Amino acid sequence: KADTSQEAPASKSGSSSLGRLKMKNELEIKIDDEFAKKVYDEIWAEYKKTAQTKTFAKITLTEDELKITDSKVMGLPYVPIGKRIPETSDGNEMFLIAQINCENLRGLKDFPKKGILQFFVANDSLMGLDLGQTVQNGFRVIYHEEIGKFYNTEKLKDIYNPQKFEEYGVTEDNQSYKMNFELHTDKEKFEDFFEDIFDKICEEKSLDPAQELKLYEKLQNLIDYSDDYHSQCDGFSYFTQEDPRKYEEKYQKYDTLLFQLDSEYDKTKGKWKVCIGDAGVLNFFINREKLKNKDFTEILYNWDCY
């Protein structure tokens, strides 16, 4: 009995010592440049080992003469005879923001190899974007599997009359550009990989919120940010703000970048070819299985800017 009574205080004392030791260890983690560089090296090593690689179609814009069935940003859409320009739920005509002749996507896995894929958005200040951006009221994605008889330029100018889009603009004076496609393979950008793994690193190191913030700021100074952003189909998407799929479970099934239109400045002419809001980027996402089945009824539409 005497022995038992002696063990209890010892156990309590030991627990207290462990608590003080843990607190001491946490306080001893100094978020200085040396510590930040060590964490950066850990993340870089993990990046080299596990970062994904994807094939995508990079898009460049040129001022070539455009046909009705060409891949283009803005301009006159392909409209089969007897069909109408899509409208919003309140009856306002949408405008064509982009059109892809799928012949240009040959070599891109799971994407259609023929027909025409079109992206229409509402003619308002938010280009049809709202909180229910998967419901195709403010935008519309249309796939024409076969190219049949269609309205010519003269007729299209009669039936396609969206009001001039002035508040945000997409291209200067609504100019249209031909889209040219080239297949590339690229690795996930390090800065995106870093964002995905940072919280996990902090949790493993038992950092408190203040330490996390300080470490994040120091790591930002070490990252060499890529400037290789562009319009594309498939591959890794780009955002000026945040990926809407990151925190919304209902959006995570939209796992494939169907089309991305990035702002593009023409330095030689001193003007924007494309400007989404304040130099932002516009994305359409689709589920991979839906894409394989050429089913474009479920789409996640998003755009953001600085």
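Modeller: Helices (H or I, at least four residues) and strands (E, at least two) are DSSP runs, numbered from the N terminus. The model is predicted, so that local features need pLDDT of at least 70 and side-chain atom pairs 80 or more, whereas totals for chains, interfaces and linings use all residues. Residues are numbered from 1 along each chain as its sequence is written, and side-chain values use heavy atoms, without hydrogens or water.

Biologist: Which helix gives the most to the lining of the largest pocket?

Modeller: A pocket is an open set of points on a 1 Å grid over the protein atoms alone, with protein on both sides within 12 Å along at least five of seven lines, and lining residues have an atom within 4 Å of a point. Helix H4 (190–204), helix H5 (209–220) and strand S8 (256–262) each supply at least two residues of this lining. The greatest contribution, six residues, comes from H4.

Biologist: What volume does the largest pocket have, and which residues lie nearest its centre?

Modeller: With grid points joined across faces, edges and corners, and volume taken as the space filled by probe spheres set on the points, the largest pocket comes to about 940 Å³. Its lining counts 32 residues, and those nearest the centre are Asp192, Asp196, Ser237, Phe239 and Asp243.

Biologist: How many cavities of 30 Å³ or more does a search of the whole structure find, and what is the volume of the largest cavity?

Modeller: A cavity is a set of points where a 1.4 Å probe fits but cannot get out, and the search of the whole structure returns two of 30 Å³ or more. The lining of the largest cavity includes Asp192 and Ser237, together with Asp228, Tyr229, Tyr238 and Gln260 among others. The volume of this largest cavity is about 60 Å³.

Biologist: Which residue in S6 stands opposite Ile59, and which residue in S7 is the bridge partner of Ala57?

Modeller: Two strands pair if DSSP finds at least two bridges between them. Strand S1 (residues 53–62) pairs in the antiparallel sense with strand S6 (residues 177–187) over ten bridges, and also in the antiparallel sense with strand S7 (residues 231–233) over three bridges. Opposite Ile59 stands Phe181 of S6, while Ala57 has as its bridge partner in S7 Cys233.
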